[in-house]
Amino acid sequence: MEEKAPVANGKKRPGVGRRDRYIKERKVGEGTYAVVYLGRQLSTSRVVAIKKIKVGQFKDGLDMSAIREIKFLSELRHENVIELIDVFISSGTSRSLNLVLEYLSADLEMVIKDRSIVFTAADIKSWMRMTIAGLYHCHRHNVLHRDLKPNNLLLSPSGHLKLADFGLARQQPGPYDVMTPTVVTRWYRAPELLLGSKTYTRKVDMWAVGAIFAELMLRTPYLPGQTDLDQLDLTFRALGTPTEQSWPGVSLLPDYFYDPAKTSTADTGKKSGVYPAPSRDEMRMRFSAASENALDLLCQMTTLDPAKRIDTRDALGSEYFREHPRPTQPELLPKLSKRDDTESDVKVGSNNTGFSGALRRRGKDDAKSEVNKERERGLADIAKKLF
């Protein structure tokens, strides 16, 4: 008798499925560690994306990022989080792990870049509400995403936005747990990460959402730094250089080297100048189409001091979401030009094939405290059960 998938909160979680339930129709993307196929669920004819993980690439058989993705997507069942439908093992000479995910053919980055698409303030409000709702669900379950950006916000044919690519996600750490600061794509990386902090909170995700909000209003990346140092300089030029008065404890962060005695110049060379915080009028000019409530929320999301940065719960309760115009209904949101789904790329996360690029760039990830080691052992047990 076939074992049923475990049930949590009245909902079925994906179990270890049988490979004969699905058919792979064609390959739509390939990376160093994964191949993505367009496929179908035979019992329902549902179009799915099948991500095949190349197990043999890793010393211990399977990269921990893949296990984390399975773990978190199994737990985070929500309309604004990509659905993990099933997991199965390929047989044959080269065994591999296959993730069956819902089919999504577009992402928010594609919409932002498509200049033929015109979207309104109500459309932006709808995308933002769905993003924050999905993130609120993650944070309520103590999960940090750590790689939010427009091309990890996928769009379903019905217009619903879904968070994807949980390869860098992890459980909310304890106050003394040490983590890597080299997470989140640079343009969306919070200042505490850029300054080398190894203890941080879920507020790093909120900073990324703020950068995405700004990008939606500007239709161009808000802070597109070329290097980490350039990213810091762009951030502080835009929002002011933090001091002990504005951000208590900032001078103790590993990479903080700004000298308050110096003033900014057109080119400081070492980029050690201090920039003033922008006035409200400057912010209005920068985001000329934003309402006052939209500007309030943006400023609260991009507050430099993470302790003062807004959280997902308060963001969802913002006046911005209650003022007119009301958020556009998902099914009425603008979409990419009509394409044949069988000829479009399947989106299951950044670059279609990777776990956030994490399989390529993780290197030395979180420094392993005893608590973190125990978590990793637990995740490794999941991997053993899959095989």
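Arg46 is located in strand β5, which spans residues 46-53; strands (E, at least two residues) and helices (H or I, at least four) are DSSP runs numbered from the N terminus. The structure is a predicted model, in which local features need pLDDT of at least 70, side-chain atom pairs count only at pLDDT 80 or more, and totals for chains, interfaces and linings use all residues. Residues are numbered from 1 along each chain as its sequence is written, and side-chain values use heavy atoms, with hydrogens and water left out.

The relative accessibility of Arg46 is 32%, so Arg46 counts as partly exposed (between buried, under 20% relative accessible area, and exposed, over 50%; 1.4 Å probe, protein chains only). Leaving aside residues up to four places away in sequence, Arg46 touches Gly39, Arg40, Gln41, Glu83, Ile85 and Glu102, contact being heavy atoms within 4.5 Å. Tyr103 is 57 residues from Arg46 along the chain, and their C-alpha atoms are 8.7 Å apart.

Asp147 falls in the loop between β9 (143-144) and β10 (153-155) and is buried, with a relative accessible area of 0%.

Helices α5 (residues 203-218) and α8 (residues 292-301) pack at about 140 degrees with their axes 8 Å apart. Axes are lines fitted to C-alpha atoms, for helices over the stretch in contact, and angles run from 0 to 180 degrees between N-to-C directions. Met206, Trp207, Val209, Gly210, Phe213, Ala214 and Met217 of α5 meet Ala294, Leu297, Leu298 and Met301 of α8.
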